[in-house]
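Colleague: I have a new model open and would like to learn how to read it. Could you take me through its features, one at a time?

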Amino acid sequence: MEQVTAMLARAGPIGSSSSSSSGSSPSSAAAAASSAPPMPAGAVAVAVAVSSKPTSQDCMRWERRLQKELMAFVTDPPPGLSIDADVTSQNLQDWTVELQGAEGTLYEGEQFQLNFKFNSKYPFDAPQVMFVGNHIPVHPHIYSNGHICLSILTEDWSPAHSVQSVCLSIMSMLSSCKDKKRPIDNSLYVKTCNKNPKKTKWWYHGKEIAEISCRVFIAPSLKSQG
């Protein structure tokens, strides 16, 4: 856990601002600006253009966000979820979460692995999320290759979501299941889909997780059946 402790220390508390580490305060910045000599109008435009370029701090925003999410996951893990923090801290762009079926549900006692892959646009771009391993949940919205039909993973994604919120949504989807079965178009989808589930054009019907009807546009004839 030494590596994780060091990583979490660098991340700082959740909600902290990265600007606090710059060593300058708003008042000192304002004083410096007021004491600077006036610049010609043309020079102002150049200065603004240069300052608008992304900095190395901006490029690493996703890393700070994931460090804080990992800290929250490790210090207060949601029921039925666990993660190997030491392994995850070595590659923050690839997480594997252990998920245990909730008691009193069709998946009680079953163990699953949920994989998250993040790019540098996170959290503004959704992660790639899918089940992996030898045991994929049998569910009407989960394909046998691990792809998941869930709107928050695509069109309803928001930067307000997190690894924890996604995991809890998927656990809720499993817990509300009344009949273990694969999606009606499972065979066709698995044979023709892209390996990345984010490239699938999902079609959603229904607002409640238990009522969502999932189809993919590779089988448009099935859409009328949803």
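Modeller: We go from the overall fold to the rings, then to a peptide bond and a cavity. Keep in mind that this is a predicted model.

Colleague: Start with the fold. How many helices and strands does the chain have?

Modeller: Eight helices and six strands. From the N terminus, the order is α-α-α-α-α-β-α-β-β-β-α-α-β-β.

Colleague: What share of the contacts joins residues at least 24 apart?

Modeller: Take the contacts between residues at least 6 apart in sequence. Of these, 61% join residues at least 24 apart.

Colleague: And the surface? What share of the residues is buried?

Modeller: The chain has 226 residues, and 36% of them count as buried.

Colleague: Now the rings. How many aromatic pairs does the structure hold?

Modeller: Nine. Read each pair by the distance between centres and the angle between planes. Trp95 and Phe118 have ring centres 5.7 Å apart and planes at 65°. An angle over 60 degrees counts as edge-to-face, so that is the class of this pair.

Colleague: Where do Trp95 and Phe118 sit in the chain?

Modeller: Trp95 is in strand β2, residues 94-100. Phe118 is in the loop between β3 (111-117) and β4 (128-132). They are 23 residues apart, and the pair links distant parts of the chain.

Colleague: Is Trp95 buried or exposed?

Modeller: Buried means under 20% relative accessible area. Trp95 has 0% relative accessibility, so it counts as buried. Phe118 is buried too, with 6%.

Colleague: Show me a tilted pair. Which rings form it?

Modeller: Tyr143 and Tyr189. Their ring centres are 4.3 Å apart, and their planes stand at 45°, so the pair is tilted. Tyr143 lies in the loop between β4 and α7 (163-175). Tyr189 belongs to helix α8, residues 186-192. Tyr143 has 0% relative accessibility and is buried. Tyr189 has 1% and is buried as well.

Colleague: Which residues do ring pairs link into a cluster?

Modeller: Trp95, Phe116, Phe118, Tyr122 and Trp157.

Colleague: On to the backbone. How do I read a peptide bond?

Modeller: Most peptide bonds are trans. Here, a cis bond joins Tyr122 and Pro123, with omega about 10°. Pro123 lies in the loop between β3 and β4.

Colleague: What about Pro127? Where is it found?

Modeller: Pro127 is in the loop between β3 and β4. Its relative accessibility is 3%, so Pro127 counts as buried. Its C-alpha is 5.5 Å from that of Lys117, ten residues away in sequence.

Colleague: Which residues does Pro127 contact, leaving aside its neighbours within four places in sequence?

Modeller: Phe116, Lys117, Phe118, Tyr122, Trp157 and Lys198. Among them are Phe116, Phe118, Tyr122 and Trp157 of the ring cluster.

Colleague: Last, the empty space. How is it found?

Modeller: Rolling a probe the size of a water molecule over the atoms shows where empty space is left. In this structure, the search finds one cavity of 30 Å³ or more. The largest cavity has a volume of about 60 Å³.

Colleague: Which residues line the largest cavity?

Modeller: Pro127, Gln128, Val129, Ile148, Leu153, Thr154, Pro197, Lys198 and Trp202. By class, six are nonpolar, two polar and one charged. Pro127 and Lys198 are in this lining, and they also touch each other.

Definitions and conventions: Residues are numbered from 1 along each chain as its sequence is written. This is a predicted model: local features need pLDDT of at least 70, side-chain atom pairs count only at pLDDT 80 or more; totals for chains, interfaces and linings use all residues. Side-chain values use heavy atoms; hydrogens and water are left out. Helices (H or I, at least four residues) and strands (E, at least two) are DSSP runs, numbered from the N terminus. Buried means under 20% relative accessible area, exposed over 50%, partly exposed in between (1.4 Å probe, protein chains only). Contact means heavy atoms within 4.5 Å. On a 1 Å grid over the protein atoms alone, a cavity is a set of points where a 1.4 Å probe fits but cannot get out, and a pocket is an open set with protein on both sides within 12 Å along at least five of seven lines; lining residues have an atom within 4 Å of a point. Grid points are joined across faces, edges and corners, and a volume is the space filled by probe spheres set on the points. Ala, Val, Leu, Ile, Met, Phe, Trp, Tyr, Cys and Pro count as nonpolar, Asp, Glu, Lys and Arg as charged, and the others, Gly among them, as polar. Rings of Phe, Tyr and Trp (its six-membered ring) pair if their centres lie within 6.5 Å; planes under 30 degrees apart count as stacked, over 60 as edge-to-face and the rest as tilted.
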